[in-house]
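Have the sequence and the 3D view open side by side for this one.

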Amino acid sequence: MFERFLLVSIFLTIFSGVSQAVLVDKVAAVVNSEVILNSDIERLRKTINLRKQLDPLFGFNEEIAAGNATREKTLEFLIHERLVAQTFPKDTKDVEAEILTVRKNIGARPDRQGREYTEKDLKELLAQEGYTIEEYFELMKICLQKRDLNDREIRNRVSISDDDTQNHFYNVT
């Protein structure tokens, strides 16, 4: 038993100097015990064009949508996004149902050869743009959460009368 312990100790001593620690990722922020990593900031920057197409509230932040926001502004955007996600959680079934709806809508419009679009077509289209189906799925989840925020919290508080619309129309034209 002692020989085994000695052998393991010698082995660990010899090879402990060979390995070096490598920084894989770093915590950028913590939002209610949910971590935002530096890789999350880079992922947001990588998926800006896809976000512009999917995210209903993305265009309101012009710096981020243009792709020239500072790291701090990008991190602030991600913090707000995580707060929305925590307030309006969505499970996998909700996201899959929304993607199925999107697929049905796309499938209802056949391509030039008359065939319906498939999940394989969606994956290929995303790959051509440099995205994965996982990134698409995650962005759809975020979009659904933001849509819930918009439907439950914002639309209920906005009231525009016919007179307001008419006054605006006449003032603009």
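Helices here are DSSP runs of H or I with at least four residues, strands are runs of E with at least two, and both are numbered from the N terminus. On that basis the protein chain has nine helices and two strands. Reading from the N terminus, the order is α-β-β-α-α-α-α-α-α-α-α.

A word on ground rules: this is a predicted model, where local features need pLDDT of at least 70 and side-chain atom pairs count only at pLDDT 80 or more, while totals for chains, interfaces and linings use all residues. Residues are numbered from 1 along each chain as its sequence is written, and side-chain values use heavy atoms, with hydrogens and water left out.

**Cores**

Call a residue buried under 20% relative accessible area, exposed over 50%, and partly exposed in between (1.4 Å probe, protein chains only). Of the 173 residues in the protein chain, 27% count as buried. A contact means heavy atoms within 4.5 Å. Among contacts in the protein chain between residues at least 6 apart in sequence, 65% join residues at least 24 apart.

A nonpolar core is a set of buried Ala, Val, Leu, Ile, Met, Phe, Trp, Tyr and Cys residues joined through side-chain atoms within 4.5 Å. The largest one has eleven residues, among them Leu-50, Val-95, Leu-126, Tyr-136 and Leu-139. Helix 6 (92–107), helix 7 (119–128) and helix 8 (133–154) each supply at least two residues of this core, and helix 8 gives the most, with five. There is also a second, separate core of ten residues, which includes Leu-44, Ile-64, Phe-77 and Leu-78.

You'll find Leu-50 in helix 3 (residues 48–54), buried at a relative accessible area of 5%. Which residues does Leu-50 contact, leaving aside neighbours within four places in sequence? They are Leu-126, Tyr-131, Tyr-136 and Leu-139. Leu-139, for its part, touches Thr-47, Leu-50, Arg-51 and Leu-54, not counting residues up to four places away in sequence. Leu-50 and Gly-130 sit 80 residues apart in sequence but 9.7 Å apart in space, C-alpha to C-alpha.

On a 1 Å grid over the protein atoms alone, a cavity is a set of points where a 1.4 Å probe fits but cannot get out, a pocket is an open set with protein on both sides within 12 Å along at least five of seven lines, and lining residues have an atom within 4 Å of a point. Grid points are joined across faces, edges and corners, and a volume is the space filled by probe spheres set on the points. The structure holds one cavity of 30 Å³ or more. For the classes below, Ala, Val, Leu, Ile, Met, Phe, Trp, Tyr, Cys and Pro are nonpolar, Asp, Glu, Lys and Arg are charged, and the others, Gly among them, are polar.

| Space | Volume | Lining by class |
|---|---|---|
| Largest cavity | about 40 Å³ | four nonpolar, three polar, two charged residues |
| Largest pocket | about 270 Å³ | five nonpolar, two polar, nine charged residues |

The cavity lining includes Leu-44, Arg-45, Glu-63 and Ile-64. In the largest pocket, Arg-51, Glu-81, Arg-82, Glu-138 and Ile-142 lie nearest the centre, out of 16 lining residues. Helix 8 provides the largest share of that pocket's lining, six residues.

**A ring pair**

Rings of Phe, Tyr and Trp (its six-membered ring) pair if their centres lie within 6.5 Å; planes under 30 degrees apart count as stacked, over 60 as edge-to-face and the rest as tilted. The count by this rule is one aromatic pair. The rings of Phe-169 and Tyr-170 have centres 5.5 Å apart and planes at 65°, so the pair is edge-to-face. Tyr-170 counts as exposed, at 53% relative accessibility.
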